[in-house]
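Take a moment with the sequence and the model before reading on. The text below walks through them step by step.

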Amino acid sequence: EDLKIIEKLEELAMNEAFLFDYDHERVMKKTENSIREESYEKGLTKGIEEGSHQEKVEIAKNLLKMKMIPQDIANATGLSIEEIESIQK
């Protein structure tokens with residue numbers, strides 16, 4: 001039984017088409033994993049940026065309630081005056 005397995009493996013190792021397909025499959029899996037990892041990193045970065053922006057918006061809302069002027073809020077949060085004015089409405 002073991003000898004048959006070894007013979008089959010040796011036969012496959014000599015088969016150029018099999019080796020090409022095997023290498024091609026490995027390359028495809030590595031490529032897919034790289035794409036997946038890159039997409040995850042981009043998604044994570046985008047999520048962090050959106051969360052940070054939302055936090056700035058919430059801070060701006062609170063500062064508006066405290067009657068701060070839009071220019072001071074812009075300086076404190078990094079948001080544009082236009083964005084603060086749209087929050088104010």
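Predicted model: local features only at pLDDT ≥ 70, side-chain atom pairs only at ≥ 80, totals over all residues.

Now look at the whole chain. How many helices and how many strands does the protein have? Its secondary structure comes to four helices and zero strands. Along the sequence, the pattern reads α-α-α-α.

Next comes the overall form. The C-alpha atoms fill a box of roughly 85 × 25 × 20 Å along the principal axes. The radius of gyration points the same way. A compact globule of 89 residues would have a value near 12 Å. The protein has 29 Å. Asp72 and Ile6 are 66 residues apart along the chain, and their C-alpha atoms are separated by 76 Å.

How much of such a chain is buried? Of the 89 residues, 12% count as buried. The protein exposes about 7,700 Å². Carbon and sulfur atoms supply 56% of that area. Contacts can be sorted by sequence distance as well. Take those between residues at least 6 apart in sequence. Among them, 22% join residues at least 24 apart.

Now turn to helix 2, which covers residues 16-65. Phe18 has its place in this helix. Phe18 has a relative accessible area of 34%, so it is partly exposed. Together with Leu19 and Tyr22, Phe18 makes a nonpolar surface patch.

Charged side chains come next. How many salt bridges does a search of the whole structure find? The search finds three.

Lys42 has a relative accessible area of 55%, so it counts as exposed. The cut-off for exposed is over 50%. Glu38 has 46%, so it is partly exposed.

Move along to Lys46 and Glu50. Here the side chains meet in a salt bridge of 4.0 Å, N to O. Lys46 and Glu50 are four residues apart in helix 2, so about one helical turn separates them. Glu50 is partly exposed, with a relative accessible area of 48%.

Then come Lys61 and Glu58. Their salt bridge is 3.6 Å, N to O. Both residues lie in helix 2. They are three residues apart, about one turn of the helix. Lys61 counts as partly exposed, at 36% relative accessibility. Glu58 is also partly exposed, with a relative accessible area of 36%.

Phi of Lys67 is near 70 degrees, a positive value in a residue other than glycine. Lys67 has a relative accessibility of 71%, so it counts as exposed.

Helix 3 spans residues 70-77. Which of its residues are buried? They are Pro70, Ile73, Ala74 and Thr77. These residues cover an arc of only 100 degrees around the axis, so they sit on the same side of helix 3. What do they pack against? The buried residues of helix 3 pack against helix 2 and helix 4, the latter at 81-88.

Now look at the other face of helix 3. The face turned away from the buried side carries Asn75 and Ala76, which are exposed. Asp72 is found in helix 3 too. Asp72 is at 37% relative accessibility, so it counts as partly exposed.

Gly78 follows helix 3. The phi of Gly78 is positive, near 85 degrees.

The chain has four helices and zero strands, and its radius of gyration is 29 Å. Helix 3 packs its buried residues against helix 2 and helix 4.

Terms used: Residues numbered from 1 in each chain as written. Heavy atoms only, no water. Patch = residues over 30% accessible without salt bridge, like charges linked within 9 Å, V, L, I, M, F, W, Y side chains within 5 Å. Areas by Shrake-Rupley, 256 points an atom, 1.4 Å probe, with all protein chains shown as cover. Helix = DSSP H or I, 4+ residues; strand = E, 2+ residues; numbered from the N terminus. Buried < 20%, exposed > 50% of the residue type's maximum accessible area, 1.4 Å probe, protein only. Rg over C-alpha atoms; globule rule 2.2 N^0.38 Å. Contact = heavy atoms within 4.5 Å. Arc of directions from axis to C-beta.
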